[in-house]
Amino acid sequence: MSDLRQHYQHLRSQEHGAQYNFRKPNRFALVYPSTYELGMSSLGVQVIHSILNNRADTAAERVFIPEPDYIRKLVAQQKPIFSFETQTALNNFDIIGFSVSFESDYVNIPRTLQLANIPPLAEERTDWDPLVIAGGINISYNPEPIADFVDVFVVGEAEHTIHLLMDHFNEWKQSRAAKHELLETLATVPGLYVPSFYDVTYHDDGTIDAVTPKSGISPRIHAGAVPKLDDVETCTHIHTPNTEFANAHLIEIVRGCGRQCRFCVADYARRWPRRRSVESTLALAERARGITDRIGLVGASISDHPQIDEIASGLVARGFRISCASLRAETVRAPLLDALADSEQGTITIAPEVATEELQKVVNKAIPRDRLYYIFEEALKRDILNLRLYFLIGVPHETPEDVEAIVDMAKEMRTIVLPHAKRTGRIARISFTISPMVPKPHTPFQWVAMEPPKTISRKLDFLKREINQLGSIKVGSASARLAHQEAALARGDRRLGKVILELANGASWNQAFRQHGLTPHFYATRQRPLHEVNPWDHLDLNVKPQFLQLEFSKHEKGFMTSECDTTVCKKCGAC
């Protein structure tokens with residue numbers, strides 16, 4: 001255990017911007033259920049940590065999941081997991097708040113509570129145990145798989161909602177009332193969801209019959225939202241070299257998208273795009289002065305910002321270097337490319353997702369190939385030599401020809417970079433990242449069946465083999481097995497809480513499902529009819545279900561049969 005304390009002390013010594021004032025009445029443990037390096041790369045963790053510590057009544061400390069060697073030492077010495085700042089045992093905090101970004105981290109929620117000597121199941125905890133809450137993008141679209149472990153969920157964007165929660169918590173703590181009274185109050189707050197006040201019943205076939213609130217509780221939970229991005233300081237607050245984005249000051253300049261790509265939960269869960277003003281962006285950048293000159297611009301669609309050229313040029317003019325998340329080929333212009341080149345940014349990232357016009361219509365993301373190649377040629381002229389593309393496979397209605405078209409695009413990319421190499425003597429590096437499409441809640445694809453892992457693996461093997469034969473192009477891919485697990489958890493219901501607890505206690509994936517009479521197929525690779533009640537239907541993310549159904553029907557257009565007398569085709573199995 002002393003080794004872990006020393007490790008944390010070393011990491012803290014390398015941080016810039018951390019403020020410590022722990023003499024406040026409410027102690028909040030902000031848990032990122034993974035390592036320090038990943039947790040401190042999360043803007044969500046950074047922002048909520050700052051917001052809480054700026055309150056006069058709350059002291060927030062960070063908690064991360066140590067490496068396995070450290071965990072074994074904690075268990076051997078029978079010591080509870082502790083906080084990063086003061087090494088306070090987790091069970092001594094008033095509130096434990098999990099920030100959840102990935103389905104793969106679900107198993108670490110009960111595991112963390114067990115390491116803290118706290119009962120993982122909410123129903124087994126007492127008034128003396130900490131209040132356990134959770135938030136994050138996964139929580140916003142479907143918190144049900146971890147509902148057994150959590151007292152209160154923060155649904156939607158948390159920057160404003162967390163203040164409401166803390167205000168009520170502070171009043172309750174001073175009143176010395178029972179925890180149940182606090183939960184009853186929090187259940188009335190927009191953006192907060194108390195799962196114990198909702199009963200779920202099932203049909204004999206395992207599908208949900210109904211999600212029923214207890215008396216006096218709203219049947220729908222409305223997600224919290226930030227109306228103006230300038231109102232929140234979503235940027236790096238604590239700088240450390242020990243993150244994925246070492247030596248970069250991240251600033252969120254776009255939230256939401258609005259382009260309605262049918263597979264993208266970030267679009268539909270954050271329905272309308274909000275953009276940070278030029279003035280706010282430049283002001284947040286100044287906070288990095290003296291710490292780093294690298295500004296990372298973050299958002300779902302950076303180049304769609306109507307003032308992106310002004311932002312990029314303004315930052316460079318002030319002596320900063322910029323980098324960007326994935327760009328849209330249609331909206332990238334010369335000033336942005338010039339600013340990236342002046343910043344010595346060596347990589348351009350664009351996500352075509354699919355390589356044929358037919359699938360572009362299915363996913364509702366049309367990027368003209370000529371425009372894509374033009375952007376890469378313009379990047380090469382500016383000595384931006386790393387060209388990175390992201391693709392999806394397993395998209396509905398995908399054919400072998402659609403998969404082969406990704407190989408054709410790789411061949412065409414080589415015809416762009418080879419003449420440049422001969423002319424300049426500088427070799428560009430192309431990388432293709434290929435991921436299985438995982439159907440996510442609150443998107444038009446929430447009803448579709450994910451392709452089985454074996455089918456996906458065959459496609460991945462084909463693409464790797466064919467593209468690697470070309471030379472000069474690097475191919476990376478996600479795991480078909482892990483993507484299948486992600487899909488099962490993403491579209492899961494409350495019964496998966498038992499499965500997750502088994503996984504936390506060391507059971508294998510298939511064993512954990514079998515022990516509770518469940519199958520991953522039911523959640524991941526089963527086509528769902530439109531009339532089925534989904535586990536997440538009682539969450540209102542400001543997107544009407546009818547709109548999602550309309551978008552779903554659009555992707556099926558052209559595949560309907562004359563025998564089908566409904567608005568949904570027979571091929572999809574939803575009739």
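**The whole protein, then a sheet**

The protein exposes about 24,100 Å², an accessible area from the Shrake-Rupley method with a 1.4 Å probe, and carbon and sulfur atoms supply 50% of it. Please keep in mind that this is a predicted model, where local features need pLDDT of at least 70, side-chain atom pairs count only at pLDDT 80 or more, and totals for chains, interfaces and linings use all residues. Residues are numbered from 1 along each chain as its sequence is written, and side-chain values use heavy atoms, leaving out hydrogens and water.

Of the 575 residues, 58% count as buried, meaning under 20% relative accessible area with a 1.4 Å probe, protein chains only. The C-alpha atoms fill a box of roughly 75 × 70 × 45 Å along the principal axes.

The protein has 21 helices and 19 strands; these are DSSP runs numbered from the N terminus, helices (H or I) of at least four residues and strands (E) of at least two.

Now look for an open sheet of six strands, in the order E2-E1-E3-E4-E5-E6 with mixed pairing; two strands pair if DSSP finds at least two bridges between them. At its edges are E2 (58–64) and E6 (192–193), each pairing on one side only. Strand E1 (residues 26–32) pairs with E2 in the parallel sense over seven bridges, and Val31 stands opposite Val63 in E2.

Helix H7 (residues 158–175) packs on this sheet, touching E1, E2, E3, E4, E5 (152–154) and E6; contact means heavy atoms within 4.5 Å.

How values were computed
Axes are lines fitted to C-alpha atoms, for helices over the stretch in contact, and angles run from 0 to 180 degrees between N-to-C directions. Buried means under 20% relative accessible area, exposed over 50%, partly exposed in between (1.4 Å probe, protein chains only).
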